[in-house]
Amino acid sequence: MGQSFLSWDPNLYSVQIEKMDLEHQKLISLMNQLYESVGNKVERQLIQQELTDLGAAIVSHFQEEESFFDTLKNYELSAR
């Protein structure tokens with residue numbers, strides 16, 4: 001297939017926090033892998049594993065972000 005679903009562009013996506021940027025890059029990489037696997041019609045079991053891995057990475061990422069936001073002064077999540 002060869003084409004990515006999404007490409008990391010620091011000018012568009014960087015939040016200027018290295019740890020978060022690295023996590024965002026990891027998520028993009030996992031999305032691209034899944035996109036390529038679906039496009040190449042790989043085995044269903046592999047796609048299911050990639051979906052599981054992406055889901056786990058998303059949950060972990062948002063936990064990390066929430067923990068980070070909790071360390072910031074004057075930050076309050078309105079949905080809490």
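The structure is a predicted model, in which local features need pLDDT of at least 70 and side-chain atom pairs count only at pLDDT 80 or more, while totals for chains, interfaces and linings use all residues. Residues are numbered from 1 along each chain as its sequence is written, and side-chain values use heavy atoms, with hydrogens and water left out.

**Helix H2**
- Helices are DSSP runs of H or I with at least four residues, numbered from the N terminus, and H2 covers residues 18-39.
- The 22 residues of H2 should span 32 Å at 1.5 Å a residue, and its end C-alpha atoms are 31 Å apart, which agrees; the expected span is 1.5 Å times one less than the number of residues.
- Just after H2, Lys41 takes a positive phi of about 55°.

**Buried residues and contacts**
- Buried means under 20% relative accessible area, with a 1.4 Å probe and protein chains only, and the buried residues of H2 include Met20, Leu27, Leu34 and Ser37.
- Ser37 has a relative accessible area of 3% and, leaving aside neighbours within four places in sequence, is in contact (heavy atoms within 4.5 Å) with Val42, Leu46, Ile47 and Glu50.
- What covers the buried residues of H2 includes helix H1 (10-13) and H3.

**The largest nonpolar core**
- A nonpolar core is a set of buried Ala, Val, Leu, Ile, Met, Phe, Trp, Tyr and Cys residues joined through side-chain atoms within 4.5 Å.
- The largest one has 5 residues, namely Leu27, Leu34, Ile47, Leu54 and Ala57, and the elements giving two or more residues to this core are H2 and helix H3 (44-70), with the largest share, 3 residues, coming from H3.

Note on methods: Buried < 20%, exposed > 50% of the residue type's maximum accessible area, 1.4 Å probe, protein only.
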